[in-house]
Amino acid sequence: MSSSSSPVHADVVTKRLVLRPWTRSEAIAVLDDTRPSHWADDFPAEGDRVVAGLFEQYPDWLGPYGHRLVIERDSGLVVGSIGLFWPPSEGVLEIGYGIVVSRRGRGYAPEATRALADFALALPDVHTVSADVEESNPASVRVLEKAGFRRWTTEENVVKFRISNPDRDLR
């Protein structure tokens, strides 16, 4: 990874969470299995390792519209990650998320997903946020439903969800 750091950008804050952009040093720590004290005991999960490994290939994911760490406001611990797969394609932006096992069942995933979708839908080049989920993952389907996403279509055991800004042209 290069030595340049990503610019500082406003966090997305919810009632219980802070969604803060990753730093290059955090991505390196994940890849090197270095464990800062502000991470939950079971962070990073496998999906976090995959994302950290892709930052070199997709440097925009470290920018203001990319991937973020999910931090509990009460404890200050990193408990997952969530991201926008920047840049948008024809006004559509994909979202992905993951919360560590120790924090599941608390509603963090839908809370974070809705907050980041709202953030994305306020951007000038985005009118829709989408997500693909395997039908065999009902928990993730429920996260999207709770976050206000609607089923759009199903293709080969993958359910496609989306949420749109009603004030924007949906090409």
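Which residue in E5 is the bridge partner of phenylalanine 85? Select glutamate 94: in E5, that is the partner.

**Before you go on**

This is a predicted model, where local features need pLDDT of at least 70, side-chain atom pairs count only at pLDDT 80 or more, and totals for chains, interfaces and linings use all residues. Residues are numbered from 1 along each chain as its sequence is written, and side-chain values use heavy atoms, with hydrogens and water left out.

**Stop 1: the sheet**

Select strand E4 (residues 78–89) and strand E5 (residues 92–99). They run antiparallel, joined by seven bridges. Strands here are DSSP runs of E with at least two residues, helices are runs of H or I with at least four, and both are numbered from the N terminus. Two strands count as paired if DSSP finds at least two bridges between them.

**Stop 2: around E8**

Select E6 (residues 128–134) and E8 (residues 158–164). Seven bridges pair them in the antiparallel sense. Valine 133 has valine 159 in E8 as its bridge partner.

Threonine 153 stands opposite lysine 160 in E8. Two residues lie between the strands of this hairpin, and glutamate 156 takes a positive phi near 45°.

**Stop 3: the helix across the strands**

**Stop 4: the core**

Select Leu19, Trp22, Phe43, Val129 and Phe149. Of the 50 residues in the largest nonpolar core, these touch the most other members. Such a core is a set of buried Ala, Val, Leu, Ile, Met, Phe, Trp, Tyr and Cys residues joined through side-chain atoms within 4.5 Å. Helix H3 (residues 108–121) gives the largest share of this core, eight residues.

Stay on H3. Of its 14 residues, 11 are buried, so H3 is largely enclosed by the rest of the structure. Buried means under 20% relative accessible area, exposed over 50%, and partly exposed in between (1.4 Å probe, protein chains only). Among the buried residues are Tyr108, Glu111 and Leu121.
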